[in-house]
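This report describes selected features of one protein chain, from individual side-chain pairs to the overall architecture. The sequence and the structure are shown first.

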Amino acid sequence: MENQNVRDTIKQIFTEYLNANGHRKTPERFAILDTIYSIEGHFDIDMLYSKMMNQENFRVSRATLYNTIILLIDSKLVIKHQFGNSSQYEKFYNRKTHHHLICTQCGKVSEFQDDTLKQAIENTKLKRFHLSHYSLYVYGACNKCAWVRKKSK
């Protein structure tokens, strides 16, 4: 039931955004929104395109995906991350703040939460700035890559 409430809410937010900004409310845009909100974790355009192509009802072009992603970012329903040379996205509505570990060897991205770190950032006094949200990226080597590197030495 909660999942349906979230889907109804994000559809309403997107509809209001599209109306307010003079954009068309196409079935493809809403199918993309539904697909994104069925994905757990991060995704890139290729993964989203692949997932959309596997659906029987909606086959969309990459241009439609890119254009819709921009609208979803502007409506605060999706957030874009730049992990090195790779752009990845994730759903943004009703998400808890989390941090990212990025392996500089294989590119794997993992999420972690640390309440002490979160509290420290939220309690930091920022002059002439009001924090709405943040992203934290920590770069290094994942266990697998560190083990391979150590073994090869």
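## Glu40 and Lys91

In this predicted model, a salt bridge joins the side chains of Glu40 and Lys91, with an N to O distance of 3.2 Å. The two partners lie in distant parts of the chain, 51 residues apart: Glu40 belongs to the loop between α2 and α3, and Lys91 to strand β2 (residues 86-91).

Lys91, at 12%, is buried, because its value falls under 20%.

## Gln88 in strand β2

Strand β2 also contains Gln88. This residue has a relative accessibility of 16% and counts as buried.

Which residues does Gln88 contact, leaving aside its neighbours within four places in sequence? They are His42, Phe43, Asp44, Ile79, Lys80, His81, Phe83 and Val109.

## Packing of α3 against α4

Two packed helices are described by the angle between their axes and the distance between the axes. For helix α3 (residues 45-53) and helix α4 (residues 62-74), the angle is about 120° and the axes are 10 Å apart. This angle makes α3 oblique to α4. The crossing of the two helices is right-handed.

On the α3 side, the contact involves Ile45, Asp46, Leu48, Tyr49 and Met52; on the α4 side, it involves Arg62, Leu65, Tyr66 and Ile69. By residue class, the contact of α3 with α4 comprises seven nonpolar residues, two charged residues and no polar ones.

## Arg62 and Asp46

Asp46 and Arg62, both part of the contact between α3 and α4, form a salt bridge in which the closest N and O atoms are 2.7 Å apart. Arg62 is in helix α4 and Asp46 is in helix α3, so the pair ties together parts separated by 16 residues in sequence.

Are these two partners buried, exposed or partly exposed? Arg62 has a relative accessibility of 37% and counts as partly exposed. Asp46 counts as partly exposed at 47%.

Side chains of opposite charge can pair when their charged atoms come close. How many salt bridges does the structure hold? There are four.

One of them is formed by the side chains of Asp34 and Arg7, at 3.7 Å from N to O. This pair also links distant parts of the chain, with Asp34 in helix α2 (residues 27-36) and Arg7 in helix α1 (residues 2-20), 27 residues apart. Asp34 has a relative accessibility of 23% and counts as partly exposed. A network of salt bridges links Arg7, Lys11 and Asp34.

## Overall architecture

The secondary structure of the protein chain consists of six helices and five strands. From the N terminus on, the order of the elements is α-α-α-α-β-β-β-β-α-β-α.

Taken along the principal axes, the C-alpha atoms of the protein chain fill a box of roughly 55 × 40 × 30 Å. The chain has 153 residues, of which 30% count as buried. Among the contacts in the chain with a separation of 6 or more, 49% are between residues 24 or more positions apart.

Definitions and conventions:
Residues are numbered from 1 along each chain as its sequence is written. This is a predicted model: local features need pLDDT of at least 70, side-chain atom pairs count only at pLDDT 80 or more; totals for chains, interfaces and linings use all residues. Side-chain values use heavy atoms; hydrogens and water are left out. Axes are lines fitted to C-alpha atoms, for helices over the stretch in contact, and angles run from 0 to 180 degrees between N-to-C directions. Helices (H or I, at least four residues) and strands (E, at least two) are DSSP runs, numbered from the N terminus. Angles under 35 degrees count as roughly parallel, over 145 as roughly antiparallel, 65 to 115 as roughly perpendicular and the rest as oblique. A crossing is left-handed if the near helix is turned anticlockwise from the far one by less than a right angle, and right-handed if clockwise. Contact means heavy atoms within 4.5 Å. Ala, Val, Leu, Ile, Met, Phe, Trp, Tyr, Cys and Pro count as nonpolar, Asp, Glu, Lys and Arg as charged, and the others, Gly among them, as polar. Buried means under 20% relative accessible area, exposed over 50%, partly exposed in between (1.4 Å probe, protein chains only).
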